[in-house]
Amino acid sequence: MPIREALRRAPKPVRRCALVCAAALAASAAAVLPGPDVIAPVDAVGPLEVTAWAPYFSSNAATSLAARSALMSESTPFFYGVTDALTIAPNGSASQRAAILDAARTARTNKGTPIIATIVDAMGPLGMASILADPGVRTQHVQTIVQFVAANGFDGVDLDYEGFAFSDGRASWTADNGGLNTFDNWGAFLTELGAALHATSPAKRLEVSVPPIYGPEHDNTAGYWVYNYPVMNTVVDRVKVMMYDFSVSNPGSLAPYNWVDKTMEYIKKVVAPGKLLLGIPAYGRDWVTKIDGSCPVSATAAKATSRRNPLMSAAFTNASKAGQTPVWNTNVREYTYSYVESYAGPDTNAITVRCNIYRTVWFGDARSIGERAKLAADKGLAGIAVWALGYEDAATWDAIAAVSAGQPINAPGPLEKNLTAPAVVAPYPAPINSSGPLPARYLDTRAGYKTSDGQYQGGGKQAADSVLELPIAGRGPVPGATKAVTLNVTVIGAGDGFVTVYPCGTRPQTSSLNVRAGQTVSNSVVTKLSAAGSVCIYTQQAADVIVDVFNVLPDDSITTLATPARLLDTRPGQPTIDGVASGGGALDVSGVVEVAVAGRGGMSPVAKSAVLNVTAVGAAAPGFLTVWPCDSARPSTSNVNYVKGAATPNAVVTALSASGTVCVFSSNPTNVIIDVFGEFNPDDYAAMAQPARLMETRSGQATTDGQFNALGKSAAGQETTVMIAGRGGMGATPNAVILNVTVDSPEIAGYVTVYACGTARPPVSNVNYATGQTVPNMVVTKLSSAGTVCIYTNTKTHVIVDVFGTLTI
């Protein structure tokens, strides 16, 4: 056990074995699920010695030691450290140490089990090496250990001096170039200590816990030869070889079976097999392999971006919670699986960010330990040493007992994942590769993702301060004469900036989306196409961009502005199209601002509706915006849900008041920006007298008519049919509707797709979200002949649906 890990109360050490082990084994990636096979019985070789370290930081160590004492050949309390040549100090609380020592003393009283206390080197780099390099100080340290054993009534010591291997540096191992010559000094120290201990009683034991060697050479290929294995063979009673942490920096097996086999085969030529104990891990490693996006403070606080050390006893439960089924690798004889965690929330600048953390786990179980115990028995080794008590499960001891008795080990049957756990899924719809009806994907810059017709896919992030022209008309199901469309645009930002979607030509001074580094932001866009049938996409900062086309708008159904115009910007010093409604300052708590729309920025003076993009910027606290025609009552719905400090946009289609205005309500202080894109023909668009809530899965909230209310979170992979027509004051079944769809408190990153029931679910998304976020988006969707829409959630989340109007498209 490494000192640094011991003092941090963590599981077994971070070893750097991988630096010299990699050449020792080329582990195969072949893996199969375990079958109901039976491992061959062990030839009778006599009882197998079994020991396991009992660390003070393992909450179950004392309980496990007491419960398994019948199998243990020694008790090994693990909480003492050397701080200087004359001092051996305990770690952990007195109650922790007392519980372990009580269990050890009971085992000695009842069964004669010796107590062999582990002592670690807690001095830091070159501290112990310097003690051993001075013969006088070295003798003082020998005497300190002998007195320690006598004073505590122990039956011996187990020295775990790992600083030589993992902190001192190889230059200290010999006397060359002024080195401390630890190799020879370690041998001299053990010789002196063994003699002194045995002089007090021949029954006193000197044991050591050391990393492995691979050959006789004193070079980088031979492992940790500083521990002078030849001398240990002559003066040490037991050598515990720590055969684990083969993989440290990168994901991989902890103790590949072939590596253990070959290494111990060599070591037993140097040290008598009857003195060797094979060290076996009872823990796993959980590595981060990739991080997409920028992680919030909550992820850092939870150490979600760091490697984890799961206990073997919890490994299968952890996999089940992640919705994964571990796979048995038949070559290395361990389990592995991969999963994704998603986090969202404020970063250190109070900006909402999102990240996906990809992780890979390797771990062993009772089968792994049993097979390595059998290997030790087959090789005639004295026994095994398990790191560590409290990490294992009951099945581990069944396997060890079977091997010790020369009986077969029953391997586990096929594993099944917990079907109630949320599945780990990509936060976007699966790639598609075939043409089909709308909606359809027309742009995806991410590597490995596809569009509906294979064009404009996988081109890599769009560069900062660049414009991409994207053909729409004449591609797939979009007719060549199309003049306007509704899109859903998703941006995965590499930096802080904005994105503008417009019908090419002169770029307007407006934004369609605002994004921070690491954020994934979606927004609906209603836009005119250029004369060539395209739209242009400007990215202020580098970003991946995804564009889904949802609807073709009839020529006479919408009048889109030649250039979108900014009608409101409350931020000081920021202009609008005509200087009106500029720089008025942030809205206060429950603040309302009335904004003139008709007759401004190219809008008709008699406009009855407007297609807007509404953005909350720099909010002082989380809250929401509601947009409505000022001559009607404020509805109990929201259009934009924002968090502190972020820039949060959403598309809004709204009726205008008789005087051509809209009002904006904010629940908390925030700046507000409004850009206008056009208006719908009154013959094709009918605004609801009041926006109406048609679906609400949360308890304690209400829908307009009590239907589709308090349903509980929609499950992962669930499709919910929601009746739209005839509700909330809506007249005859419309052709299409304008909705605001909001997700709340999702349990893992994912997306929502809204579509007309009775048609195939399209491989596109309307709302993209991360764990815990509240995210709205406007959706323009056709209805089924029965007046319904289907809402697909690919991860578990609350869903809220508000209807704002009907549309003929």
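Where in the chain is the place of Thr-451? Here are some friendly notes to read beside the structure.

1. Before you start: this is a predicted model, in which local features need pLDDT of at least 70, side-chain atom pairs count only at pLDDT 80 or more, and totals for chains, interfaces and linings use all residues. Residues are numbered from 1 along each chain as its sequence is written, and side-chain values use heavy atoms, with hydrogens and water left out.

2. Thr-451 has its place in the loop between β16 (440-444) and β17 (466-471). Strands here are DSSP runs (E, at least two residues) and helices are runs of H or I (at least four), numbered from the N terminus. Thr-451 counts as buried because its relative accessibility is 0%; buried means under 20% relative accessible area, exposed over 50%, and partly exposed in between (1.4 Å probe, protein chains only).

3. Look next at the side chain of Thr-451. It reaches the backbone oxygen of Gln-455 at 2.5 Å and the backbone nitrogen of Gly-454 at 3.2 Å.

4. Now find Asp-548 in strand β23 (residues 543-553). With a relative accessible area of 0%, Asp-548 is buried. Its side chain reaches the backbone nitrogen of Ser-765 at 3.4 Å. Asp-548 and Arg-441 lie 107 residues apart in sequence, yet their C-alpha atoms are 4.3 Å apart in space. Leaving aside neighbours within four places in sequence, the contacts of Asp-548 (heavy atoms within 4.5 Å) include Ala-440, Thr-486, Asn-488 and Val-764.

5. Thr-500 sits in strand β19 (residues 497-502). Thr-500 counts as buried, since its relative accessibility is 1%. Not counting residues up to four places away in sequence, Thr-500 touches several residues, among them Arg-507, Pro-508, Cys-536 and Tyr-538.

6. Finally, a helix pair. Two packed helices are described by the angle between their axes and the distance between the axes. Helix α10 (residues 257-270) and helix α13 (residues 366-378) pack at an angle of about 20 degrees, with axes 11 Å apart. The axes are lines fitted to C-alpha atoms over the stretch in contact, and angles run from 0 to 180 degrees between N-to-C directions. α10 and α13 are therefore roughly parallel to each other, a label for angles under 35 degrees.

7. Which residues of α10 meet α13? Tyr-257, Val-260 and Asp-261 in α10 meet Glu-371, Arg-372 and Leu-375 in α13. By class, this contact of α10 with α13 has three nonpolar, no polar and three charged residues. Ala, Val, Leu, Ile, Met, Phe, Trp, Tyr, Cys and Pro count as nonpolar, Asp, Glu, Lys and Arg as charged, and the others, Gly among them, as polar.

Definitions and conventions
Angles under 35 degrees count as roughly parallel, over 145 as roughly antiparallel, 65 to 115 as roughly perpendicular and the rest as oblique. A polar contact is a pair of N or O atoms within 3.5 Å; within protein, one must be able to donate a hydrogen and the other to accept it, and residues adjacent in sequence count only if both atoms are side-chain atoms.
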